[in-house]
Each structure stands twice: as C-alpha cells, then as structure tokens.
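Subject: Structure handover

Hello,

Please find the structure below, followed by notes on what was found in it.

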Amino acid sequence: MARVRKPVVEVRRSQRRRRTVSAYRDGERVVVLIPDRFSRAEETEWVERMLARLAAREERLQHTDAELLLRARRLTMRYLADYADLVVPQSVRWVTNQNGRWGSCTPDDATIRISHRIQEMPDWVIDYVLLHELAHLVVPSHNTRFWELVNRFPKAERARGYLEGVSAVFAGAASGEHAVHP
C-alpha cells in the first residue's frame with residue numbers, strides 16, 4: 001500500500017481573524033490561516049481538520065481533459081446556445097506549457113487549451129476562462145461582439161478581477177516583492 005505524503009503546512013496566525021479558519025494550497029505546501037488566540041492544541045486540531053477538507057475537495061475535483069470538455073459543453077448550452085452550431089471544439093485540454101496566458105483557442109482547428117495554473121482556482125474562474133476561449137470559436141478577435149458574448153457569464157467581471165489580482169501577485173513575486181498576508 002502506497003503511503004500518502006503529508007504536505008508541508010504553514011500556519012499563519014492573525015489578530016484580525018476572530019473565528020474563521022481557512023486553508024489553501026500554495027504549490028507543494030498548505031497554508032492554514034487561524035486566529036492568533038488559538039492554543040497550540042486548537043491549532044493542531046484545525047490543521048488536521050483543514051487538511052482533511054482540502055483532501056476531500058481535491059478528490060471531488062476531477063481535472064481531466066474529459067471533464068473539461070463536458071464543462072465546455074455545459075457552458076456552451078448555458079451561455080452560447082444561439083451559437084451551438086459554431087461552438088463545437090475538436091478538443092479541450094489542460095496544458096502545462098502556457099505560463100503567460102490562462103488559455104488559448106485556435107479557431108481554425110477548433111482546439112482549446114487551458115493552462116494547468118488555473119486548476120486550483122475557483123470553479124467560476126475556470127468557467128470564465130473556458131467560456132472566453134469558447135467565444136473565440138464564434139468571434140476570433142477581442143472586438144465588441146466578442147466581449148458581449150463573454151459578458152453573458154454573470155461573474156465575468158469578477159473573474160477578470162480575480163485573474164488580474166493573481167497576475168499582479170505573480171508579477172510582484174517575480175520582481176522580488178512580497179505579498180502582505182493577514
């Protein structure tokens with residue numbers, strides 16, 4: 001039986017945080033955010049609890065190419081149904097060689113590639129990036145008509161803001177700046 005390696009855990013205490021505990025994956029480590037007033041025993045309990053929650057969530061998330069294609073079909077029917085005859089991607093897949101963009105579409109052969117970097121982002125962000133690329137099968141450029149299609153997604157503006165924030169953090173990290181954490 002293969003042993004599952006326990007991730008490196010970084011606990012960040014915050015005086016502003018009163019009751020909530022949250023956790024997220026940052027590369028190979030897990031960051032757990034807890035109130036500063038927690039005892040060491042409470043910290044240990046909550047770290048274990050949050051590791052279990054993250055593991056359960058990651059198990060539920062199936063980030064396969066097949067799942068991505070199904071997701072693309074659902075988004076097409078929901079937001080681009082009037083163009084369903086045009087929005088027929090030949091392939092939709094995760095790729096690891098896109099570090100400068102979140103996704104790309106080649107309308108000529110109807111292929112869509114989505115960067116693996118967004119796999120751990122919220123579902124609504126993944127949906128936005130995927131819908132953005134699907135819209136390119138209708139309108140190849142970023143003109144007004146294209147943005148009208150993309151903006152059918154209710155969280156389009158929020159997703160763009162999220163992605164801009166992530167880009168800013170990566171740009172800051174690349175330049176040697178450090179993000180301020182709670």
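Arg49 is partly exposed, with a relative accessible area of 34%; here buried means under 20% relative accessible area, exposed over 50%, and partly exposed in between, using a 1.4 Å probe and protein chains only.

Before the rest, a word on the source. This is a predicted model, in which local features need pLDDT of at least 70 and side-chain atom pairs count only at pLDDT 80 or more, while totals for chains, interfaces and linings use all residues. Residues are numbered from 1 along each chain as its sequence is written, and side-chain values use heavy atoms, with hydrogens and water left out.

Salt bridges

Nine salt bridges are present in the structure; the term stands for a side-chain nitrogen of Lys or Arg within 4 Å of a carboxyl oxygen of Asp or Glu. Arg49 takes part in one of them with Glu45, where the closest N and O atoms are 2.6 Å apart. Both residues belong to helix H1, four residues apart, which is about one turn of the helix. Glu45 is partly exposed as well, at 40% relative accessible area. Helices (H or I, at least four residues) and strands (E, at least two) are DSSP runs, numbered from the N terminus.

Helix H1 covers residues 40-60 and also holds Glu43 and Arg40, three residues apart. These two form a salt bridge with 2.8 Å between the closest N and O atoms. Glu43 is buried, at 14% relative accessible area, whereas Arg40 is exposed at 60%.

In helix H2, Glu67 and Arg71 lie four residues apart, and their salt bridge has its closest N and O atoms at 3.6 Å. Arg71 is buried, with a relative accessible area of 7%. Through salt bridges that share partners, Glu67, Arg71, Asp123 and Asp127 are joined into one network.

Sheet S4-S6-S5

Three strands make an open sheet in the order S4-S6-S5, with mixed pairing; two strands pair if DSSP finds at least two bridges between them. Strands S4 (91-95) and S5 (103-106) are the edges, each pairing on one side only. From one strand to the next the twist averages 15 degrees. S4 and strand S6 (residues 111-115) run parallel and are joined by five bridges. Trp94 stands opposite Ile114 in S6.

Two helices go with this sheet. Helix H2 (residues 65-79) lies across S4 and S6 and runs at about 130 degrees to S4. Helix H3 (residues 123-135) packs on the sheet and touches S4, S5 and S6, its direction making about 150 degrees with that of S6. Contact means heavy atoms within 4.5 Å. Axes are lines fitted to C-alpha atoms, for helices over the stretch in contact, and angles run from 0 to 180 degrees between N-to-C directions.

Sheet S1-S3-S2

Another open sheet has three strands in the order S1-S3-S2, again with mixed pairing. S1 and strand S2 (22-26) are at the edges with a single partner strand each, so one side of each has no neighbour in the sheet. The twist here averages 25 degrees from one strand to the next. Five bridges pair S2 with strand S3 (residues 29-35) in the antiparallel sense, and Ala23 stands opposite Val32 in S3.

Ser14 is in strand S1 (residues 8-14) and is buried, at 5% relative accessibility. Its side chain reaches the backbone nitrogen of Arg16 at 3.1 Å.

Regards

Note on methods:
Polar contact = N/O pair within 3.5 Å; in protein donor to acceptor, adjacent residues only side chain to side chain.
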